[in-house]
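Please read it beside the coordinates.

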Amino acid sequence: MKKTIRLTPLLLAALLLAGCVAAPPDALMRQDSAASREKLISADAAQLPMRSGLYTLYFRYGDTPYLAQEERMLTIERNTPVELAVVRALLDGPAATASALTPLFPPGTEALAVSMQGGTLFVTFNEALLGKYADETGDLQSEYRQKEMVLRRRLCMDALTATLTEAGLCTSVQALVYREKVQDKSMRLSDGFYTLKDDGAPLDPLTRSESSLLTPHNAAQLLLSEWMSRNFPAFYGLVARQDAPDEAAALETLESAPVLTGFSLSAGNVSPDGQSVVLTADLSLRDGDTDLTATGYPLRMIREDGIWKITYAQAIALMNQE
């Protein structure tokens with residue numbers, strides 16, 4: 001049974017008539033009264049045909065500061081806006097088979113409604129969006145607040161925007177939060193969201209952040225950074241499985257690689273079919289007591305399960321400059 005959502009007339013005007021009324025986001029204020037609350041009533045979905053489509057959803061890649069893609073076929077009821085169905089699929093988290101991807105929204109977060117105003121999509125969430133993640137227990141240390149807390153919530157909003165803009169559904173996203181007991185605050189998500197503060201300046205509409213996406217350049221950057229820090233388990237995570245030995249055998253070989261002391265990368269050129277890319281890398285290495293350089297090395301990567309990776313053979317050739 002679907003949950004009945006109580007919204008004020010002002011919010012209904014913003015969400016349902018946004019194409020006609022250009023009310024500024026700051027006007028979205030709670031002004032409840034028992035007599036004025038109204039219900040959103042859905043049509044009987046059983047009487048309406050379904051729609052299907054392939055959509056690209058973005059989730060966090062492991063514990064990195066990047067978002068990777070998952071393609072998913074969605075079946076959408078006719079009375080459900082496509083934008084709302086896509087956001088709800090994002091809230092469901094990555095597929096069980098996408099083991100490298102992790103969900104980003106706090107538990108219990110629900111998307112209640114959407115409305116388009118110009119190119120901006122207004123997405124209304126329940127108050128669970130402002131809550132803690134399951135592993136955020138007790139007092140949160142300042143180092144965590146400054147780093148991981150902010151990062152995962154920034155990626156949360158970046159994933160929302162990247163997913164919706166990837167589908168061509170909007171150019172920017174304004175996140176709103178419906179709070180049952182708060183009557184005098186703007187519904188716009190504030191910058192306090194990132195640090196779990198109760199107040200803060202309302203956020204402007206969010207736009208697509210390419211720096212958060214695991215693009216070919218960012219994937220290559222991550223790959224070489226893991227080599228540089230000698231984090232070969234993470235490096236192995238970006239090695240395509242099509243020709244790779246098991247992890248234990250691969251790590252034994254990778255750990256004998258020369259030390260990477262510096263690198264730079266070109267933007268890269270993606271193949272016409274979108275399944276491979278070649279970047280140019282300039283590398284500085286140290287093998288024992290010998291310093292080496294490689295200029296203009298062609299670094300080829302392929303797309304595997306939506307993630308840009310290097311083949312094992314290419315990785316070995318790269319490390320041995322073959």
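1. The side chains of R153 and E136 are joined by a polar contact of 2.7 Å. A polar contact here is a pair of N or O atoms within 3.5 Å; within protein, one atom must be able to donate a hydrogen and the other to accept it, and residues adjacent in sequence count only if both atoms are side-chain atoms. The model is predicted: local features need pLDDT of at least 70, side-chain atom pairs count only at pLDDT 80 or more, and totals for chains, interfaces and linings use all residues. Residues are numbered from 1 along each chain as its sequence is written, and side-chain values use heavy atoms, with hydrogens and water left out.

2. Where does R153 sit? It is in helix α3. Helices (H or I, at least four residues) and strands (E, at least two) are DSSP runs, numbered from the N terminus. R153 has a relative accessible area of 0% and is buried. The classes are buried (under 20% relative accessible area), exposed (over 50%) and partly exposed (in between), with a 1.4 Å probe and protein chains only. Not counting residues up to four places away in sequence, R153 touches G131, K132, Y133, E136, F193, Y194 and L196. Contact means heavy atoms within 4.5 Å.

3. R153 also belongs to a salt-bridge network, which links D135, E136, R152 and R153. A salt bridge is a side-chain nitrogen of Lys or Arg within 4 Å of a carboxyl oxygen of Asp or Glu. Side chains of opposite charge can pair when their charged atoms come close.

4. Within that topic, take E136 and R152. Their side chains form a salt bridge at 3.6 Å, N to O. E136 lies in the loop between β7 (120–126) and α3, and R152 in helix α3, so the pair ties together parts that are 16 residues apart in sequence. Both partners are labelled by accessibility: E136 is buried at 3%, and R152 is buried at 13%.

5. The structure holds 11 salt bridges. One of them pairs E148 with R60, at 2.7 Å, N to O. E148 lies in helix α3 (residues 142–166) and R60 in strand β3 (residues 50–61), so this bridge ties together parts 88 residues apart in sequence. E148 is partly exposed at 25% relative accessibility. R60 is buried at 5%.

6. D291 and R286 form a salt bridge as well, at 3.1 Å, N to O. How accessible are the two residues? D291 counts as exposed, at 55% relative accessibility. R286 is partly exposed, with 39%.

7. Helix α4 (residues 216–228) has 13 residues. From first C-alpha to last it reaches 18 Å, close to the 18 Å expected at 1.5 Å a residue. That expected span is 1.5 Å times one less than the number of residues. Which α4 residues are buried? They are P216, N218, A219, A220, L222, L223, L224, E226 and W227. Just after α4, R230 takes a positive phi of about 65°.

8. E247 lies in helix α6 (residues 247–254). At 38% relative accessibility, E247 is partly exposed. Not counting residues up to four places away in sequence, E247 touches P233 and Y236. E247 and F232 are 15 residues apart in sequence, and their C-alpha atoms are 9.8 Å apart in space.
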